[in-house]
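Please look over the structure shown below.

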Amino acid sequence: MGLHSINGGVDVKGLMFNVLEDVITDAYGPEAWDSLICMAGAEGAYSSLGTYPDTEFHAIARATATLTGQETTDVLQAFGQSAMPIILERFPLFAEGVDDARTFLLSLNSVIHPEIRKIFAGAACPHFKYAIGDDIIQITYHSRRRFCDIAQGLARGALFHFGEAGEVSHPECLHSGDDACRLDIRWAA
Amino acid sequence: MNQLGKNASWPFPESPADERIAQLERRLERERRARQEAERLAENGLRDLYVSRARIELLNGISVRANESDDPLEVLRLAVREICTTLGFPFGNVLLADPDIPGAMRAAGISFARTCDSAQPFIKASHDVRIAAPADDRAEQPVMTQVPVWTPDIDTLDGFDRARLARLASFKSMLTVPVLSGRDVEAVLEFFSMDQREPELELLDVLLQAGLQIGGVFRRRQHADRLRDSALTDPLTGLPNRAAFAQNIERSFRNCRDLREPAPSLLFIDLDGFKLVNDTLGHQAGDRLLIDMADKLRMLVSNANAFEDENPFASNVQLARLAGDEFTLIVDGPDRAKLAERFAAEIHLSLRQPQWMEDNPVRVTASIGIAHDDGHYTTVSDMLRDADLAMYEAKSLGSERTVVFDQKMRNNVQSRLTLVNDLRTACENGDFILHYQPILALETEQLVGFEALVRWKRGDVIVPPSEFIAAAEESGVITLLGQWVMREACTTAVRWHKLVPDREPPLRISINVAPRQFLQPTFVQQVREILKETGADPRWIGIEITEGAAITKPHHTARVLEELRALNIQVGLDDFGTGYSSLSRLQTIPIDNIKIDQSFVRTQTRNNAQWSVVKAMLDLAHALQLRVVVEGLETEFQREELTAFGCEYGQGYLFSKPLTEEDAAALIIEQPEGPFRQMEKRIAG
């Protein structure tokens with residue numbers, strides 16, 4: 001959820017910060033968020049519909065990693081996973097009538113991204129290409145933004161949300177020199 | 001200052017620090033919830049705005065294109081793409097009403113897809129899908145309804161053949177949008193999705209409107225098609241008309257020339273007895289006959305495959321009605337020549353059966369002309385002309401004939417064209433002469449006048465009229481030639497009058513006028529001008545028309561003859577007896593004399609004479625106070641007999657062959673009043 005700003009950087013919707021705040025507060029209490037804002041030197045006042053520099057988002061994520069002694073990658077993945085129930089609670093339309101993770105993940109292009117665009121004008125949602133197997137879905141996409149860790153976490157969150165067991169891996173990444181990012185969601189037999 | 005706190009102070013003491021913190025946290029929480037509520041309101045507002053704007057833009061985009069375009073398929077292509085991208089459908093497909101089966105639909109080959117590979121089999125099946133007409137009108141078939149229909153679970157649809165492939169593609173729901181022209185479903189847009197959320201009513205309404213807009217394009221197209229069809233269709237028989245034929249043959253011919261292939265063969269079909277049916281049984285019967293003929297031809301064309309042995313579908317036959325009782329076939333394909341001639345034979349055969357019309361067995365036959373192309377035709381009009389000529393040739397050979405245009409006919413046409421061209425030049429140059437055959441009073445054998453006979457000086461050869469008059473009449477050159485003859489005869493009359501100025505009654509030169517010349521509206525005017533120009537006295541000339549000219553337009557003829565007589569010109573009927581029909585009409589034609597055709601006289605011999613017809617003609621003429629001239633007198637017996645019957649005048653080889661102007665002048669000078677044969681002997685001696 002973001003858009004490319006005219007100065008060449010990337011903007012992030014305030015919603016991302018709001019959800020991040022919820023996740024941090026839920027995990028570490030309200031003071032933790034205040035501390036992270038201070039440490040990251042971030043503005044700190046985020047409205048869901050507003051847009052803010054992604055540098056602030058990554059600074060908060062790095063601060064979280066530092067303070068909690070984790071890798072930033074892990075922080076972002078954990079954030080993604082925890083964000084899913086919060087997002088679905090806030091936007092029930094995203095999963096209306098959907099009973100399983102598979103349907104949910106396959107409706108990203110056709111339902112969820114269009115819904116996001118309806119609310120967040122100009123939101124840059126990547127187009128996902130699917131390869132579907134009996135117990136696996138491979139999602140391939142191009143995005144210059146370093147949000148693949150969050151995406152991976154969101155996919156895990158989806159599995160968890162629908163009470164399904166499975167693994168989400170990220171075997172190919174644009175930022176590791178691959179042609180595209182690929183997420184594999186494999187259900188446990 | 002806050003108004004609420006203006007008159008009273010807060011009654012509670014300040015709380016201790018912990019309590020204060022808890023209080024602030026609660027306040028913070030309230031603020032947070034208020035912010036989230038505000039955000040939600042804003043988000044919902046933005047979403048609604050976005051959705052309604054997107055729908056308006058979608059409908060607007062489709063409407064604009066629908067109003068601009070006259071191609072329904074192009075608009076459908078745009079609509080399916082726009083609806084998919086705007087509303088997030090991964091796949092949309094277009095079905096068209098099957099023109100052959102009412103109620104059935106078939107894929108238009110127009111779709112839009114943004115799907116994964118596993119949807120490919122479904123997409124492919126959708127491109128080829130055919131949906132049969134519902135067996136029961138009441139059956140709930142989403143594709144044939146008049147409104148958009150949303151089906152949340154396509155697995156529950158009866159008779160949805162693509163269900164298995166849809167599952168493979170993970171499609172769960174379907175939305176169909178009808179394209180309506182009036183109450184007819186012209187097309188259906190079908191959209192598939194994994195999304196099972198029920199679409200809002202407003203959205204369905206927008207899609208219904210979009211369908212109606214696209215329906216308008218179909219309606220306009222149908223209207224345009226109908227206009228074009230009626231411009232190209234013969235309303236009586238429903239066959240393509242002359243304009244359609246012209247387009248078709250022109251296009252075929254051009255294509256063949258581009259590919260350096262021979263053009264299609266061409267059949268011109270003309271009914272032989274049609275005019276008779278029209279005249280005797282009336283136009284309604286004639287129309288029925290034409291409709292019947294059209295049906296027969298249609299049947300032959302549709303059965304054509306049956307008599308095409310080797311290559312049944314290689315040929316292409318196009319039928320048309322050109323006008324009246326003229327039909328045409330364009331026959332294309334590798335065996336076009338053989339097939340065209342086979343068609344001609346089949347047409348003759350199909351007309352063998354008489355047709356019953358109001359208890360009258362009517363049998364018509366056809367004359368058929370065929371032109372084949374061997375690559376030599378440079379224009380299609382040459383080919384049309386040849387097929388037409390072949391048809392006329394067939395007609396001239398009698399009924400039920402087929403003539404294929406060939407080299408001999410081409411040569412005839414060529415020499416005829418050359419003849420007409422030369423005739424035209426001859427008219428301009430005056431390369432004609434008149435010969436004059438003396439006309440005598442039979443009783444006294446006195447010279448009373450001459451018949452002017454035209455000859456063509458073609459180089460060194462003198463061409464007799466039998467070899468060029470027909471061509472001159474057909475080509476219209478006759479009117480020029482006729483004027484030349486009249487002027488020349490009048491000039492001669494003036495010269496001769498100067499030779500014997502006091503002769504009474506004056507010698508008269510009879511001038512033959514062809515029907516085409518006589519029927520010109522300006523004919524009397526022409527005669528007047530020539531008389532004025534040459535200075536001839538009207539009494540010095542006579543004008544002879546044929547029976548044919550007299551009966552073609554009887555009222556016009558009567559008026560013109562009266563006008564000529566009013567000028568003091570004697571008028572007569574030439575070749576009397578050959579037209580049969582005019583015996584009874586003779587009394588209605590204002591003439592001074594008749595000339596009995598030589599065929600009634602020449603064959604009469606002393607041993608074998610049959611004068612009854614001639615006598616009847618003489619009796620009739622005398623009863624009407626007409627003078628009679630006979631032509632073709634060759635024997636003394638004929639002269640004696642006719643004189644005895646009271647025939648006044650005669651001409652023929654018995655007296656003299658046609659003479660040059662000089663010889664005729666010599667005759668006039670030598671013996672203006674003596675018995676003719678003595679004079680001639682004197683000249684000869």
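A residue counts as buried if 20 or more other C-beta atoms lie within 10 Å of its own, with C-beta atoms placed from the backbone. The model discussed here is predicted. B:Ala452 has 26 other C-beta atoms within 10 Å, and is therefore buried. B:Ala452 belongs to strand S15 of chain B, which spans residues 447-458. Leaving aside residues up to four places away in sequence, B:Ala452 touches B:Leu434, B:Tyr436, B:Val485, B:Ala489, B:Ile509, B:Ser510 and B:Ile511. From B:Ala452 to B:Ile433 the separation is 19 residues in sequence and 9.7 Å in space, C-alpha to C-alpha.

Helix H20 of chain B, residues 636-645, has a buried side as well. B:Gln638, B:Arg639 and B:Leu642 are buried in this helix. These residues are on the same side of H20(B) because they cover an arc of only 100° around the axis. Strand S21 (627-630) and strand S22 (649-650) of chain B are among the elements that cover the buried residues of H20(B). On the face turned away from the buried side, H20(B) carries the exposed residues B:Glu636, B:Glu640 and B:Ala644. After H20(B) comes B:Gly646, which has a positive phi, near 95°.

Chain B also meets chain A: 20 residues of chain B are in contact with 18 residues of chain A. On the chain B side, helix H1 (residues 17-68) gives the most, with seven residues. By type, the residues on this side of chain B are eight nonpolar, five polar and seven charged.

Terms used. Residues are numbered from 1 along each chain as its sequence is written. Chains are lettered from A and ligands numbered from 1 in the order in which they are written. This is a predicted model: local features need pLDDT of at least 70, side-chain atom pairs count only at pLDDT 80 or more; totals for chains, interfaces and linings use all residues. Two residues are in contact if their C-beta atoms, placed from the backbone, lie within 7 Å. Helices (H or I, at least four residues) and strands (E, at least two) are DSSP runs, numbered from the N terminus. Ala, Val, Leu, Ile, Met, Phe, Trp, Tyr, Cys and Pro count as nonpolar, Asp, Glu, Lys and Arg as charged, and the others, Gly among them, as polar. A residue is buried if 20 or more other C-beta atoms lie within 10 Å of its own, exposed if 12 or fewer, and partly exposed in between; C-beta atoms are placed from the backbone. The arc is that of the directions from the helix axis to the C-beta atoms.
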